[in-house]
Structure formats: C-alpha cells, structure tokens
There are 2 protein chains.
Amino acid sequence: MTAIKQDFADITAFIYEIEKLKQVERRIKPKGLSRYENSAEHSWHIALLAQSLMPYAENPVDPLRVVTMLLIHDIVEIDTGDKFAYVAEHDDFENEHQAAKRIFGLLPDPMASTYLSMWEEFEAAKSHDAQFAKAIDRLMPVLQNLNNGCQSWLEHGITVEQVLKKNAGVAKASEALWMHVTDLVKQKAQEVGVPLS
Amino acid sequence: MTAIKQDFADITAFIYEIEKLKQVERRIKPKGLSRYENSAEHSWHIALLAQSLMPYAENPVDPLRVVTMLLIHDIVEIDTGDKFAYVAEHDDFENEHQAAKRIFGLLPDPMASTYLSMWEEFEAAKSHDAQFAKAIDRLMPVLQNLNNGCQSWLEHGITVEQVLKKNAGVAKASEALWMHVTDLVKQKAQEVGVPLS
C-alpha cells in the first residue's frame, strides 16, 4: 500500500503536468471552430488516424507502440511550445530532449524510461514504427487543410511545393497513399488559391 | 490503387467527422484554463492515465484494447453531447448506440465493426478491459477535481457522498488505489468546502 501511494503520487504528478498540453496552440483551426487547435486534442486525433491507416502500412507496424508514440510525442511542447512545421529547424532537439527527460521523469520506472526511449525513437525516425507514426503526424495537418479550405497554408503563405516537400515522409507509410494525397493537394490548392511555388 | 482511394475517402470522412469532438464541452476546466475541457483532449488524457496505471490493474488487461476503447468511447457525443456523470441516467443508450453505428459506420470494414463492438463492450462493462477502461474514465475527473480545487463539484453542488458512490467502479481497476483516492477526496473536500452529503 505504501508502494502504490508513492507510485500514485508520481503518476498523478505526471498526469497533472501533461494537462498543460491542452494549452499549447498549433497553427491550424479545426474545421468549424474559430480557435486554434491544441496539441492534446491533436494527439488524440492522430492516434485514431494511425489506427485507421495501419492496414495500409507499407511495412508492418506494432499498433500499441505507434499509438503510444503519437500520444506522447508532443508532450515536450509543454516546455518548448509548438513548432510550425514550415518554420522550425530541428536545432531544437536538445531543448526538447531535456523536456522529455524532465516530464517523463516524473513517472516511476520502468514507465519513465520506456516513454523516454519511445520519444527518442520517434524523433530518430529510423524504425518502421517511428516512421509510420511520423508519417501520420505529418499527414494530419495536410488532411485538415484539405478539409478547411487550406486555412493554415493560406494564413502563413505556404506553397504547394512546400507542402509536398515538407510532408514527403508520408510516403514511408504508404507510397500509393502519398501519391493519392499529392493529387488531392494539387486539386484543392488550385480551387482555393494556394500558389504552386 | 482504386481500392486504396475508396478506403481513403471513407477513412478521411471518419477523421473529418470525429474532429467535431473537439467542440463537445465537458463540465470540468483543465487547471489553469478558464474554458471548459473538450471531449477530444479528455480522450487523449485518459489514454495516458490508463497506460500509466495498467501495471497496478487488479486483473490483467490488454493495453491496446483499453487504449483504443478510451480513444473512441466518447465519439458518440458528437451526436448526443456530453452527459455530466452526476445527472445522466443511462436511458440514453439507444441514442448513443445509433450514434456509434452512424459514426463508426463511416469507416471501411472490418474497422467499422471492430470499433462498434469495442464501443459496445465498453458500455457493457463486463470484460476486464472494459471495466478497467471505465474505471480510468471515472478516475480522471476525480483527479482533475483534486488538482483544480474541486471546481466542477463546487460548481454543480456535488457532495463527497455522490463522488464516492458515482465513482466506486474505480475499485474494479484496483481496490487499493480506490481506497487511497477515497482518502484524498475526503481531505481535499474538507479543505475547499465540498459538503460531505
């Protein structure tokens, strides 16, 4: 009982800390809302996109590992803020790594080290699980732009060329899927006036 | 390629539809925010609470099934709205079941039927996975109240007696945990003036 009390205190400290992710704003507005999306609801949404697209993955992936990576990958933004994909250079890895150590470190082991190593695996994007998870994280804002009149691309002056270059990693989940999405992006961009380059 | 195009159209229809969960308001405010929580970010939060508490489950559970149940269980609220635990009678099952059929039915099979049967399993709360998932869903607002000065209990005139009765199912995840939480609730309630009964 003493053990469960201490572990429970650590786990609730983690749960209370990560609630702050509900305050981290992204650059995209969910369709039908005038406010920006936050990183917590985004993490929920991509976990379900991942599950839905897993049957089409080019390489077999472990569903639980992929979903867990997606649920935890943005937690570091509590310390570092959301980075807009088209602006951020990945020189921010060290700060994010520190944040991951601090926040996952609130948990008892082995959970703390499991989450930290999954976060590192996601960032490194070398395993099939991490590549698939990253592809899904990239695909989601593309889908949301297709669905909301390309709000975040228009708002930030992003071109079709940038979209296709920045998100080309989606092909690592499925080449056929990415080719199809590429066509959809070009069509929609023409409709709503997103410049080609 | 034609098959992936059709499936992808169905999957994106589902993904666009469930984005509406970001608009469904609950009665609790995340600590530090003046707005109410939405059901999408809540679903993310409980998926991680579930993973963190799984090692303490009284009966062994399947992590992927529990997490998936928690990620999808509130989606029906897109049609029916969030029901405050202390008000809702469960005569709403038929409407929620219809919503589940409509929304999961947007997906290609077998995903549509898998999600629907997981949703039904969660509602029935007979399997260990469903009982654990439900316990987590119940535990989260208790924790949030412990962390935010009992905001939703005070705002809605909820008593300690109601809290302990309504959430007694948490004991199905872990008896020791629920006993400990019961103590924490009584302490905090006294501190902030939540009446005993």
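B:Phe93 is partly exposed, at 30% relative accessibility. Here buried stands for under 20% relative accessible area, exposed for over 50%, and partly exposed for values in between (1.4 Å probe, protein chains only). The model is predicted: local features need pLDDT of at least 70 and side-chain atom pairs pLDDT 80 or more, while totals for chains, interfaces and linings use all residues. Residues are numbered from 1 along each chain as its sequence is written, chains are lettered from A and ligands numbered from 1 in the order written, and side-chain values use heavy atoms, without hydrogens and water.

Ten aromatic pairs are counted over all chains. Rings of Phe, Tyr and Trp (its six-membered ring) pair if their centres lie within 6.5 Å; planes under 30 degrees apart are stacked, over 60 edge-to-face, the rest tilted. B:Phe14 and B:Tyr115 form a tilted pair, 6.1 Å centre to centre with 35° between the planes. This pair links helix H1 (residues 2-18) to helix H6 (residues 111-124) of chain B, across 101 residues. Helices are DSSP runs (H or I, at least four residues), numbered from the N terminus. B:Phe14 is buried at 0%, and B:Tyr115 is buried at 3%. B:Phe93 and B:Trp119 are stacked, because their centres are 5.7 Å apart and their planes at 25°. B:Phe93 lies in helix H5 (residues 93-104) and B:Trp119 in helix H6 of chain B, so the pair ties together parts 26 residues apart in sequence. B:Trp119 is buried, at 1%. In chain A, ring pairs join A:Phe14, A:Phe104 and A:Tyr115 into a cluster.

Chain A can be laid on chain B with an RMSD of 0.0 Å by a turn of 180° and a shift of 0.0 Å along the axis. The two copies are thus related as by a two-fold rotation axis. Superposition was by least squares on C-alpha atoms of residues with pLDDT of at least 70 in both copies.

How values were computed. Helix = DSSP H or I, 4+ residues; strand = E, 2+ residues; numbered from the N terminus.
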